[in-house]
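Please look through the structure shown here, with its sequence alongside, before reading on. The paragraphs that follow lead from one part to the next.

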Amino acid sequence: MISQFFVLSQRGDSIVFRDYRGDVPKGSAEIFFRKVKFWKEDGEEEAPPVFNADGVNYFHVKVVGLLFVATTRTNLSPSLVLELLQRIARVTKDYLGILNEDSLRKNFVLVYELLDEVIDFGYVQTTSTEVLKSYIFNEPIVIDAGHLSPISPSAIFMQGTKRMPGTAITKSVVANEPGGRKREEIFVDVIEKISITFSSSGYILTSEIDGTIQMKSYLTGNPEVRLALNDNLSIGRGGGSIYDYSGSSGAGAVILDDCNFHESVHLDSFDMDRTLTLVPPDGEFPVMNYRITQEFKPPFRINALIEEAGLLKAEVILKIRAEFPSSITANTVAVQMPVPTYTSRVGFELEPAAVGQTTDFKESNKRLEWYLKKIVGGSECTLHAKLTFSQEAHGLRNITKEAGPVSMTFTIPMYNPSRLQVKYLQIPKKSKTHNPYRWVRYVTQANSYVARI
């Protein structure tokens, strides 16, 4: 059972606080934030999602810069509580449209109403946006998305050649358009998080895709929707790689290791023509989750080279090559590399034509950081870092042993390495003029993208 739930800003300010059982001290939010801050100052990257302090279990997840926290004195399943926190964040976003500190503060009455329906005396009742509609009576105060910073070019939906900014989905499921009308539209996201480990010679050691098809519907009358995927989609690992065109599944087949579907999805015709039939519930939900562990073409190649440059000096050369088409651009790219603990100073040298690139040396945890605003497909970026040591390294082998691996994070809109496609989205027409907007986007993100040295 949950004792308390609260939301903190990155500064530690308490935005929302709900005490369900009264068996945990009121100052738990301050205790939690002090502990999290202490972990960071102690050289650790982040505090663990679950920890115990003075007999109280703290569970937390970070969503768009906000800390969603639950406390309890009982021995609860960590995965259950972390999933609950993610669902509370999702339900809150469904009702507010935009999830940030400003929207939470302006809609605190609606947020507390939601929390009292989701959890009663510490026991979870429901996290369904659709079910909660019957019990929620407050209207959201809509935050103008125009003055917010852009979500990044990855938040772009496409309908043929039309483009629509991602702020189109920052609508509440209970708010109408100006004039009282509701705009008929449906959004589909194909989001793939990839994990790859490269050997020191550039070969792929492990590779995996964790994918999900997310849907958010603003259709009135709960119509039945048909979503069609690739005809050559097959489930069950058959060996080989995704881009092996001589496989038994046919040219360029998309092979999933396993997948699961939302409870609202009907699979009557899935085996025949790979179409999913469903009545979309309110709010955002995953239509399908899937996993691929076969080798696929990586979006980036990372080359790292370390050379001795004197008695107490070495040079690191990092090269990143984008392996996707030039029509696609990767955003918010970050490259990190640990260096030997006896590194005292680092000097950086970027290419003369480098634009939108910044570098940093984190002395506290001895790490190089290289940020690139965007990388166009087919291009190559290079960074030279000159390391100065406080003691003798005793050979290149010792330097290499203490340095690395190189890790990378990025977002690539309108690109998915699995080649899973939404062929069409069919909605029954109520009349000749009825034609809801259908928006589909593809986003690839790095989950664990690592190259050994």
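How many bridges join strand β12 to β27? There are four, and the two strands, of which β12 covers residues 225-229, run antiparallel. Strands here are DSSP runs of E with at least two residues, and helices are DSSP runs of H or I with at least four residues, both numbered from the N terminus; two strands count as paired if DSSP finds at least two bridges between them. Within this pair, Leu-227 stands opposite Leu-425 in β27. Both strands belong to an open sheet of four strands, in the order β16-β17-β12-β27, whose pairing is antiparallel. At its edges lie β16 (265-266) and β27 (422-426), each of which pairs on one side only. Strands of a sheet pair through backbone hydrogen bonds, either parallel or antiparallel.

This is a predicted model, in which local features need pLDDT of at least 70 and side-chain atom pairs count only at pLDDT 80 or more, whereas totals for chains, interfaces and linings use all residues. Residues are numbered from 1 along each chain as its sequence is written, and side-chain values use heavy atoms, with hydrogens and water left out. The pLDDT is the predictor's confidence in each residue, on a scale from 0 to 100; its mean for the protein is 85, and 87% of the residues reach 70 or more. Over residues 149-168 the pLDDT stays under 50, and the model has 45 contacts (heavy atoms within 4.5 Å) for this stretch beyond four places in sequence. Residues 239-251 also have pLDDT below 50, with 23 contacts in the model beyond near neighbours in sequence.

Taken as a whole, the protein has seven helices and 28 strands. Of its 453 residues, 48% are buried, where buried means under 20% relative accessible area, exposed means over 50%, and partly exposed lies in between (1.4 Å probe, protein chains only). Among contacts between residues at least 6 apart in sequence, 70% join residues at least 24 apart.

Glu-284 is buried yet has no salt bridge, and the nearest side chain of opposite charge, that of Lys-93, is 4.3 Å away. A salt bridge is defined as a side-chain nitrogen of Lys or Arg within 4 Å of a carboxyl oxygen of Asp or Glu; for charge, Lys and Arg count as positive and Asp and Glu as negative, while His and the chain ends are not counted. Leaving aside neighbours within four places in sequence, Glu-284 is in contact with Arg-90, Lys-93, Asp-94, Gln-214, Met-215 and Lys-216.

Elsewhere, the salt bridges come to 19 by this rule. In one of them, the side chains of Asp-116 and Arg-18 meet at 2.6 Å, N to O, and the pair links distant parts of the chain, with Asp-116 in helix α4 (residues 108-118) and Arg-18 in strand β2 (residues 14-19), 98 residues apart. Asp-116 is partly exposed, because its relative accessible area is 35%, and Arg-18 also counts as partly exposed, at 25%.

Another salt bridge joins Arg-105 and Glu-101 (3.1 Å, N to O); both residues lie in helix α3 (residues 101-106), four residues apart, about one turn of the helix. These two residues are also linked with Arg-11 and Asp-13 in a network of salt bridges.
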